[in-house]
Amino acid sequence: MSSFERQWQRWFPEDRDDRAAPRGRRGRWPKLLLIVVGVIILFILLNMGKGFYSEWLWFSSLDYGSVYTTILRTKVLVFLIAALIFSTFFLGNLILATRLSPRSRKQLWPWEIIYQLQSTLKWSIILGTILLGLVFGMVAQDNWEAVLLFFNGQPFGISDPVFQQEISFYVFSLPFLHLMRGWFLSMLVITLLGSAGIYLLSYGAKRLRFDFSRPILLHAGILVMAILGLFAWGYWLGIWELVFSTRGVVFGASYADMHAKLPAQWILLSIVIVVMASVMVSVLRRNFRWVLYGIGGWIIAAIIISGIFPSLVQRFQVQPNELAKETPYIEYNIEYTREAFALNRIDNQPFPAEDTPSPQEIAQNEETINNIRLWDTRPLKDTYNQIQSFRLYYDFNDIDVDRYVIDGNYRQVMLSARELSAEKLAGEAQTWVNRRLQFTHGYGLALSPVNEITTQGLPELLIKDIPPVGDFNIEKPQIYYGEKTNEYVIVKTKTQEFDYPKGEQNVYGYYEGEGGIGLSSFIRRATYAWQLGDINILISGELRPESRVLYYRNIMERVNHLAPFLKLDRDPYLVAIDGRLFWIQDAYTVTDRYPYSEPLDSGLNYIRNSVKAVVDAYDGTVTFYVADPGDALVKTYQTIFPGLFTPMEEMPESLVVHLRYPEDMFSIQASVYQTYHMVDVRVFYNKEDLWTIPREVYFGSEQLIEPYYIIMRLPDEEKEEFLLMLPFTPVSKNVTIGWLAARCDGENYGKLLAYHFPKERTVYGPSQIENRIGQDTTITEQLALWGRGGSNVIRGNLLLIPLGESILYVEPVFLEAVTGGLPELKRVIVVAGDQIAMEPTLSQSISAIFGTELPPTEPDEEPPDVTEPEEPVSTDIAELIEKAQQHYDQAMEYLKAGDWAGYGNELDALKTVLEQLAELSSED
């Protein structure tokens, strides 16, 4: 007998009277079992190795190998430490239980299965330890991010208002401590159950009358005390959790929490410590009466002190004086919610909201009017797919809004990538070679101004066709990475790739980039055949040593796989610069652990747009730019992954000018701002000024207005800029109360502005405007006539456009045939004050409202009163009057033609003439 076997004999004394199986049978089944187990283990190890190897190759191909090794190293280290701690503790306690158990040669239990367990106790313990060690190790490794955040957390620079703990404690430390407590509690409970099982097996049914020996009681008592200690720790952690309480009128610790729940936590913690002491005394005296009393008292105290008492305080002390009692806690909630959602950065300003724009405002905001978005994303997407797809397998998946300088003019445009949908290939063409080797990429894009239409009601395309032609030079129009590229492809094979159609022929070519992973060896081909579940990768003769496999090609999937800790915006958008196509993916750092911040329905109560991920549509290169370096979460991730992030200062200027304030972030802030624009506690408590997002009629049904991008000149600003904006209305009322804007250009990027309308008078809201449009007989008769003519009438997005000190409403109208229709922009509805017009173009609609009522611009200074008889008018004054009339007449012609530049120039000239006329009159 070996020394190892002798040691096991000492640890696990065997029953000498065990009934042994015949030697031949006993020799065969362990070998067979070992072979099966060995094969299973080998398969598991190979599968894990395949996954590790392929992931390392993918991350390394993007120069982010250090990111993967950091995550992998953390997972492995946490797994090993957790598995080792559990296995050592569990096995040690079970060995101790085996040593302390009474030895018997008799079958103490009447059931055969119990006897079998007794006879195989040693191997059961070993197998159980291994399996449970793996489970506990895997549970721990799944929380690798919480471990890294705990050890690398950076300060927020602000403390909570009640306990004065730094916010990072709640975001980084407290979740880790909860995980530790839960993990250790599970380990202790499993160990206690395992030890109890051994004792029960050893004592038997007849001797099971709690007459255990003192060492056994001491062993069990220590485990129970450790479990109770973790309950006490839980009460201590629960003290800090009060800042996330939902008991009061707002989120966060309330009056009842601080004056009832907080003392209850300390009392219960003390009671648990007393129960722990009673356990030790009971073990030493072999009398468990006081333990039962203690546990019963603990349960009763928990119900009364922690449950009933805070509820009584809330009902009888707080509710009758709620505002007075909760005032400081409401203030905390307002302050910390506004901080968590960056609402404290909003600059609040008044906006006059005059009834109707003046002629001067129309002229001075020519660039704004020329960039009013008439095309909506849904009909434009359908139109692009009708007139620019060319082949069935091309698809425009999404419409993006951006701005470009075109011919020296700042223009708002809409664009979309022409992506490949291989699933739309004909049935007989759905072969492996076609889908994986030949049809590998989309091609080019379509781009059009937001407000220009052809005589047929179609968009005026500035980039179109295949290959792309237009105002931009696109040198690399191939789209290997996009929003619809959900399947892997292999490039640089013997099969030429389909590049683009040309008449009746097709143009073919080869991928010239360095993206993807090379399949230069048998091991790599075998690895990816297994990883991607496709044996053709291993056996196909079309692959060459220089062939490369491209996968994780979907933009959001690609970015998420590189940085799984970032929350992604739903709308990555396409940018065409420097002859190439790029995708910009906004990414957020979020948490649900910000004290006193009111959570969203998703649970999140903190968000920052900290990262801008840029993906090259041709080679898949991904760069993570830090957009908000002051955010504690992104600083923490920078500490964990120093090679992942790039400073914003290194982003090329050609990309910077295309950054947009993200819609998801803006929508979240707008939803919170509806309530948290109120900073006065009494107003907030009474919800006196609660806002909501207005509704519009879109595609025949009502929906909430979505944030929209616009080029306009803000009040007191010198030039137009690109903004994201959204109007608000009061709850239960349809008037407009204000609008929120996020600036996107230059040094002003990210600044938020809130414009508040006067509350003492009515400013029509979007719903009221929609009702007025629906009640206009001229408009409704025309729309009904089109509807009876076999067309679908589509009323597009209603846009509120601030102009100077007033607002203008604009809504496009589209026509689409019932079957296979091509959406065409047929009319534009403009509402200004009490006037409504619907004409074929925006210019004509504005002219219909202002053209017949525009008075000539008055001079800045009124002429002095004339008290003496008038003298004959001089020749110079007569000439000036004639010039003024000419400028006015010409201005009216420009207005009717929609020439806003000419209209503005003539008004300026008219103003100059009138000033000269006023000077001559005063001299006389």
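Predicted model: local features only at pLDDT ≥ 70, side-chain atom pairs only at ≥ 80, totals over all residues.

Which residue in β12 does Phe498 stand opposite?

Reply: Phe498 stands opposite Tyr508 in β12. The two strands concerned are β11, residues 497-502, and β12, residues 505-509; they run antiparallel and are joined by 5 bridges. Together β11 and β12 form a hairpin, with 2 residues between them. In the turn, Gly503 has a positive phi of about 65°.

Next come the aromatic rings. A pair of aromatic rings is described by the distance of the centres and the angle of the planes. In the whole structure, a search finds 57 aromatic pairs. One of them joins Tyr64 and Phe624: the ring centres are 6.0 Å apart and the planes meet at 65°, so this pair is edge-to-face, a class that needs an angle over 60 degrees. Tyr64 lies in the loop between α2 (23-61) and α3 (65-100), while Phe624 lies in strand β19 (residues 622-626), so the pair ties together parts that are 560 residues apart in sequence. Tyr64 has a relative accessible area of 6% and is buried, because buried means under 20%. Phe624, at 0% relative accessibility, counts as buried.

Phe439 counts as buried at 11% relative accessibility, and Phe498 counts as buried at 1%.

Ring pairs can also link into a cluster. Here they link Phe156, Phe172, Tyr329, Tyr332, Tyr336, Tyr594, Tyr596 and Tyr606. Arginines lie over ring faces as well: Arg660 lies over the face of Tyr573, at 3.9 Å from the ring centre, and Arg772 lies over the face of Tyr764, at 4.8 Å from the ring centre.

Last, the helices. Helix α8 (residues 214-240) packs with helix α9 (residues 255-285) at an angle of about 175°, and their axes are 9 Å apart. That angle makes α8 roughly antiparallel to α9, because angles over 145 degrees count as such. Sorted by class, the residues in the contact of α8 with α9 are 20 nonpolar, 4 polar and 1 charged.

Terms used:
Residues numbered from 1 in each chain as written. Heavy atoms only, no water. Axes fitted to C-alpha atoms, helices over the stretch in contact; angles between N-to-C directions. Helix = DSSP H or I, 4+ residues; strand = E, 2+ residues; numbered from the N terminus. Parallel < 35°, antiparallel > 145°, perpendicular 65-115°, else oblique. Nonpolar A, V, L, I, M, F, W, Y, C, P; charged D, E, K, R; others polar. Pairing = 2+ DSSP bridges. Phe/Tyr/Trp six-rings, centres within 6.5 Å; stacked < 30°, edge-to-face > 60°. Buried < 20%, exposed > 50% of the residue type's maximum accessible area, 1.4 Å probe, protein only. Lys NZ or Arg CZ within 6 Å of the ring centre and 35° of its normal.
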